[in-house]
Amino acid sequence: MVTENGRAELRGLYIDPAQPLTIAVGQAFDLVSMPAAVGHAALTALRARRVRLGPVVADSRRSVMRVGFLVAPTPDLRFEDGAGHAESAALRDWAGRLGGALGVRVGGRGSTATLPPLLPWRGWLHWLVPPGAGAVLWTPADALLAVLSEPAGARLL
């Protein structure tokens with residue numbers, strides 16, 4: 001089901017594209033979640049660097065206020081060779097060691113996420129970068145890690 005079009009990839013996961021989707025994370029994608037201020041700053045920095053972005057979601061409930069970037073899943077090295085996913089593994093490692101100071105969490109196998117509907121919706125959960133519409137399949141984990149971990153970037157975030 002992997003395609004160049006993130007909307008096509010995600011559409012296959014939705015039972016009803018007009019409703020939010022709660023899904024197990026870690027197989028189709030990992031979700032890198034962070035406080036809204038950090039996420040918006042990271043999104044601005046990635047756009048300034050002209051990084052082709054994958055889907056980015058925002059939860060605007062006052063009690064949550066987080067932004068999530070969909071990145072390629074980190075492979076389970078017990079069953080997969082990990083080829084092509086070193087960037088996701090590096091991002092997960094960084095988040096586990098240093099990302100906590102910024103409130104960055106990586107949801108992978110064993111986690112769940114709720115994604116906004118694919119169709120227009122006026123709810124608390126919405127796409128900052130919708131799937132399709134020029135988005136690549138996933139946000140490059142190495143570009144996101146670079147923005148979050150560089151000293152100048154971390155101070156601005």
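## Accessibility and the model

Buried means under 20% relative accessible area, exposed means over 50%, and partly exposed lies in between. The model discussed here is predicted. D93 has 42% relative accessibility, so this residue counts as partly exposed.

D93 pairs with R97 in a salt bridge, at 3.0 Å from N to O. Both residues belong to helix 3. They sit 4 residues apart, about one turn of the helix. R97 has a relative accessible area of 54%, so R97 is exposed.

## Other salt bridges

The count of salt bridges comes to 3. One of them joins the side chains of D30 and R92, at 3.5 Å from N to O. This pair links distant parts of the chain. D30 lies in strand 2 (residues 30-35), R92 in helix 3 (residues 86-97), and 62 residues separate them. D30 is buried because its relative accessibility is 0%. R92, at 30%, counts as partly exposed.

R61 and D59 form another salt bridge, and their closest N and O atoms are 2.5 Å apart. D59 is buried, with a relative accessible area of 12%. R61 is partly exposed at 34%.

## The surroundings of Y14

Y14 occupies the loop between helix 1 (6-11) and strand 1 (21-25). Its relative accessibility is 8%, so Y14 counts as buried. Leaving aside residues up to four places away in sequence, Y14 touches Q19, P20, L21, L115, P116, P117, L118 and W127.

The side chain of Y14 reaches the backbone oxygen of P116 at 2.4 Å. Y14 and L118 are 104 residues apart in sequence, yet their C-alpha atoms are 8.5 Å apart in space.

Terms used: Residues numbered from 1 in each chain as written. Predicted model: local features only at pLDDT ≥ 70, side-chain atom pairs only at ≥ 80, totals over all residues. Heavy atoms only, no water. Helix = DSSP H or I, 4+ residues; strand = E, 2+ residues; numbered from the N terminus. Buried < 20%, exposed > 50% of the residue type's maximum accessible area, 1.4 Å probe, protein only. Contact = heavy atoms within 4.5 Å. Polar contact = N/O pair within 3.5 Å; in protein donor to acceptor, adjacent residues only side chain to side chain. Salt bridge = Lys/Arg side-chain N within 4 Å of Asp/Glu carboxyl O.
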